[in-house]
Amino acid sequence: MILIAALLVAAVAVAVGAPAALSRIDFAAAPSIGIAAWLGAFAATLGYVALALIALAWPGYPPGESFAGSALACLGTIEPIVVTWTAGFIAPVTAIGLTAPTGQLARIAIGHRGRGAALRRKHNELVEVLGRADAAHANLVWLEHPAPLAYSVAGRGGYVVVTDGLAQCLTDAQWQAVLAHEHAHLRARHHQILGVCQVFARAFPWIPVFAAAPAAMASLVELAADRAAGDPRALAAALRIVAARTTTTATALGLVDESLALRLECLCAPARSRAAARRRATLGVLATMLLAPAASIIAIGASAAVAYVLMI
């Protein structure tokens with residue numbers, strides 16, 4: 001039980017503490033680190049819970065339990081009593097702990113995938129009728145429309161959609177930067193990353209790390225795609241032009257969204273300040289990674305102290 005308790009405490013520490021800690025870190029100059037940190041928090045939360053369930057269902061003492069028990073003699077003394085008392089609950093608790101969240105996640109994921117596929121299919125049909133393929137650029141489709149728009153469509157054979165209005169208002173350097181930005185979304189599978197975050201947020205909205213991830217990741221993937229554009233000043237100029245001429249509501253991974261001000265600030269920042277911001281972000285993530293072991297050590301230490309007091 002000591003090992004299981006430590007794993008559950010670590011899971012709660014990451015699920016609750018990680019979003020609060022990560023939201024305070026400025027990832028504008030290092031969006032890839034931010035994306036990795038959020039996905040790492042996802043994986044750590046799921047991993048700790050999965051390991052706790054495996055340890056709960058393990059026949060006899062799970063690996064690592066003997067070490068924890070010997071290190072904490074006080075808790076080790078009362079361990080058999082707790083295990084005996086809870087023996088009848090282990091199997092049903094493990095079964096519910098595994099099947100209930102897995103079923104909920106599968107239900108939300110299947111629905112999300114079905115709606116996404118239907119939306120892409122309908123969009124592809126419209127683009128086939130209204131759009132025209134670019135002869136010089138693969139996976140580039142033009143729409144005859146005066147509004148300056150650009151966006152990427154994920155899935156098998158993903159492609160970028162642009163309008164005539166966009167090409168008419170940008171210089172060549174700005175145009176190339178916008179194309180590089182949209183292709184970066186496709187190469188890095190940003191649509192799929194956001195999709196995973198949205199599925200977990202809908203399946204487990206009461207877990208802070210899952211609930212906060214979609215909004216945070218939406219900004220981070222835009223910042224990451226901006227960095228892949230190659231010419232930050234050209235892209236910043238293009239974003240300003242598009243924002244000034246766009247009246248439509250921002251869409252998911254559209255060229256202009258709610259994070260525009262932050263993106264412009266990052267694109268126009270001097271290289272030296274971006275390097276310093278990257279170092280601060282790295283240190284912040286490393287500090288966040290200490291949440292789980294610190295919480296486990298504190299919880300086990302406090303439990304051992306209580307057990308010692310009860311025994312004397």
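Modeller: Happy to! Let me begin with disulfides, a disulfide being a pair of cysteine sulfur atoms within 2.5 Å: by this rule the count comes to zero. Cys266 is in no disulfide, and its nearest cysteine sulfur, that of Cys268, is 9.3 Å away. In general, a disulfide is a covalent bond between the sulfur atoms of two cysteines.

A word on the ground rules: this is a predicted model, in which local features need pLDDT of at least 70 and side-chain atom pairs count only at pLDDT 80 or more, while totals for chains, interfaces and linings use all residues. Residues are numbered from 1 along each chain as its sequence is written, and side-chain values use heavy atoms, with hydrogens and water left out.

For burial, I call a residue buried under 20% relative accessible area, exposed over 50% and partly exposed in between (1.4 Å probe, protein chains only). Cys266 counts as buried because its relative accessibility is 11%, whereas Cys268, at 28%, is partly exposed.

Now for the packing. Helices are DSSP runs (H or I, at least four residues), numbered from the N terminus. Helix H8 (residues 208-227) and H10 pack at an angle of about 35 degrees, with their axes 10 Å apart; the axes are lines fitted to C-alpha atoms over the stretch in contact, and angles run from 0 to 180 degrees between N-to-C directions. Contact here means heavy atoms within 4.5 Å. On the H8 side Glu222, Leu223 and Asp226 take part, and they meet Leu262, Arg263, Cys266 and Leu267 in H10. By class, this contact has four nonpolar, no polar and three charged residues, where Leu and Cys are among those counted as nonpolar, and Asp, Glu, Lys and Arg count as charged.

Not counting residues up to four places away in sequence, Arg263 touches His181, Glu222, Leu223, Asp226, Leu239, Leu255, Val256 and Asp257.

Finally, Ser259 sits in the loop between helix H9 (232-245) and helix H10 (260-267). Ser259 counts as buried because its relative accessibility is 7%. Leaving aside neighbours within four places in sequence, Ser259 is in contact with Ser219 and Glu222.

Key. Helices (H or I, at least four residues) and strands (E, at least two) are DSSP runs, numbered from the N terminus.
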